[in-house]
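Subject: A structure for you to explore

Hi there,

Here is the structure I promised to pass on to you. Please open it next to this email and follow along as you read.

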Amino acid sequence: MRSYVSKVATTIELPSRDTRKAALDDAGYNVFNLDAADVFVDLLTDSGTGTMSDAQWGAMFEGDEAYAGSESFARFQTAVSEVMGFEKVVPVHQGRGAENVLYGALVEEGDHVINNTHFDTTRAHVANAGGVAVDCPVPEARDLDSDAPFKGNFDLGAARSHVDEVGAENVPVVVLTITNNSAAGQPVSIENTRAVAAFAEEIDATFVVDACRFAENAYFVRERESEFADWSVADIAREQLRYADAIVMSGKKDALTNIGGFVGVRDQDLFEVAKQRAILYEGFPTYGGLAGRDLDAMAVGLREAVEYDYLDHRIGQVRELATKLSEAGLPVFEPVGGHAVYVDAGELLPQIPDAEFPGQALVCELYREGGVRAVELGSFAFHGTDRPEFVRMAVPRRTYHREHFDHVAETAAAVADRREELRGYEIVGEPAMPELRHFSAALRPVE
Ligand SMILES: *Cc1c(COP(=O)(O)O)cnc(C)c1O
């Protein structure tokens, strides 16, 4: 069993109920507009919000800040090669920078890109390159009652039908996102990975793995795919990535850093194009918009991320929160994924129609009740799709302890107790791009 102790203490405080009410009102009932100082337990995202280890902080002191060819880059490259099996690597400032570098090189106007499910920034970068983003998740991904082990898998039948429709020559890229972030962080099996790789080869497409959460995925494979029960998670991770022609990575996820990312490729020509695009958008290809010390932090973080005991603690924390929320009376999406607990606010608050955002009502009430920040991923965030009315509580890595989860559960229980009193919200101001409205729209309670 592994645990973590604090070496640097950060004070957090629960503001008074009056302060919370006023802060929520000032924020236009949108928790993205809250000051973090007004939040007690912050479960908005697990992206870049985790705690680095003493080994990572120590490595940062050795950062080599040479513009080109730094020792930090060499250590980083060795770590990516040993942990993920890619020798040709281009660092970037974060995951979406990797998407810009790679998809800008591979996707042309009118091309179709097929993914198990596009993460929101991936979809935006495919669109930005002139492409059409097509999702092919397996049907059980949407089934709240299914306890299938790999609900993140890619639906090959659906992908084949799509290729038959648009022609293989118009599908230059096939992507597999592990874990499937937009499908509640559900894992993807290696059996599915092999099949998708074969499919991509068959249609002569580049097979990209979005590897942001590759280590969490490997943990689930070890648990659920019998072929790998005796493997180390590090070996499983390498095995799964072995089939990819390229990877995109956000260091803010499974490299356990607060910033950073990279692209890994196998093809020399693609490597040259990726480096040119990195110079244009990120920085010279041995630093990619990062300080040398950031590369060192990623190098150490990548190795830590594939340690079994780290993952067991991390995924254990997510499961612990899920159990507590379920006991508190919230309907929790099962099986629980790798990084967050998803709650079905539509089921909890049947009196609020989808058009009045039951998820947002729950998010606002969790903040007002206990200073807990979660995020809506239902009708408010994904306008015009028929997703469940999800609220996500993401768990930052190695950051919170049992007492914090107890506080979240007590808050949730208090909200669940008076669920009938909760009312919906309406939008009073929103930005021009509807895809981005949940980040900045203002709301008010429905009268
Ligand atoms: C976070 C994430 C990205 C984008 O990474 P950023 O570092 O936030 O830019 C892309 N794909 C997936 C699956 C992610 O989880």
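Below is what turned up, topic by topic.

Please keep in mind that this is a predicted model.

**Cysteines**

Let's begin with some background: a disulfide is a covalent bond between the sulfur atoms of two cysteines. How many disulfides does a search of the whole structure find? The answer is zero. Take Cys136, which is in no disulfide: the nearest cysteine sulfur belongs to Cys212 and is 20 Å away. A disulfide would need the two sulfur atoms within 2.5 Å. Cys136 is buried, with a relative accessible area of 3%. Cys364 is buried too, and its value is 0%.

**Aromatic rings**

A pair of aromatic rings is described by two things, the distance of the centres and the angle of the planes. The count of aromatic pairs here comes to 13. One of them joins Phe228 and Trp231: the ring centres are 4.8 Å apart and the planes stand at 75°, so this pair is edge-to-face. Are these two residues buried or exposed? Phe228 is buried at 0% relative accessible area, while Trp231 is partly exposed at 29%.

Another pair to look up is Tyr342 with Phe390. Their ring centres lie 5.3 Å apart and their planes meet at 70°, so this pair is edge-to-face as well. It links distant parts of the chain, with Tyr342 in strand S9 (residues 340-344) and Phe390 in strand S12 (residues 390-394), 48 residues apart. Tyr342 counts as buried because its relative accessibility is 3%, under the 20% limit. Phe390 counts as buried as well, at 6%.

The charged end of Lys253 sits over the ring of Phe119, 5.2 Å from the ring centre. Arg266 lies over the face of Phe86, and here the distance to the ring centre is 3.8 Å.

**A sheet and its helix**

Strands of a sheet pair through backbone hydrogen bonds, either parallel or antiparallel. In which order do the three strands of the open sheet come? The order is S9-S12-S11, and the pairing is antiparallel. S9 and strand S11 (375-377) are the edge strands, since each pairs on one side only. On average, neighbouring strands of this sheet are turned by 35° against each other, direction ignored.

Between S9 and S12 there are five bridges in the antiparallel sense. To see the pairing at the level of residues, look at Val343, which stands opposite Val391 in S12. Helix H12 (residues 308-327) packs on the sheet and touches both S9 and S12. The direction of H12 makes about 25° with that of S9.

**Helix H9**

Which residues of helix H9 (residues 233-242) are buried? They are Val233, Ile236, Ala237, Glu239, Gln240 and Leu241. Several elements cover these buried residues, including helix H3 (71-84), helix H7 (190-202), strand S6 (206-210) and H12.

Asp54 lies in helix H2 (residues 54-60). With a relative accessibility of 53%, Asp54 counts as exposed. The C-alpha atoms of Asp54 and Lys7 are separated by 8.4 Å, although the two residues are 47 residues apart along the chain.

Enjoy looking around, and write back with any questions.

Best wishes

Notes. Residues are numbered from 1 along each chain as its sequence is written. This is a predicted model: local features need pLDDT of at least 70, side-chain atom pairs count only at pLDDT 80 or more; totals for chains, interfaces and linings use all residues. Side-chain values use heavy atoms; hydrogens and water are left out. Buried means under 20% relative accessible area, exposed over 50%, partly exposed in between (1.4 Å probe, protein chains only). Rings of Phe, Tyr and Trp (its six-membered ring) pair if their centres lie within 6.5 Å; planes under 30 degrees apart count as stacked, over 60 as edge-to-face and the rest as tilted. Helices (H or I, at least four residues) and strands (E, at least two) are DSSP runs, numbered from the N terminus. A charge sits over a ring if NZ of Lys or CZ of Arg is within 6 Å of the ring centre and within 35 degrees of the ring normal. Two strands pair if DSSP finds at least two bridges between them. Axes are lines fitted to C-alpha atoms, for helices over the stretch in contact, and angles run from 0 to 180 degrees between N-to-C directions. Contact means heavy atoms within 4.5 Å.
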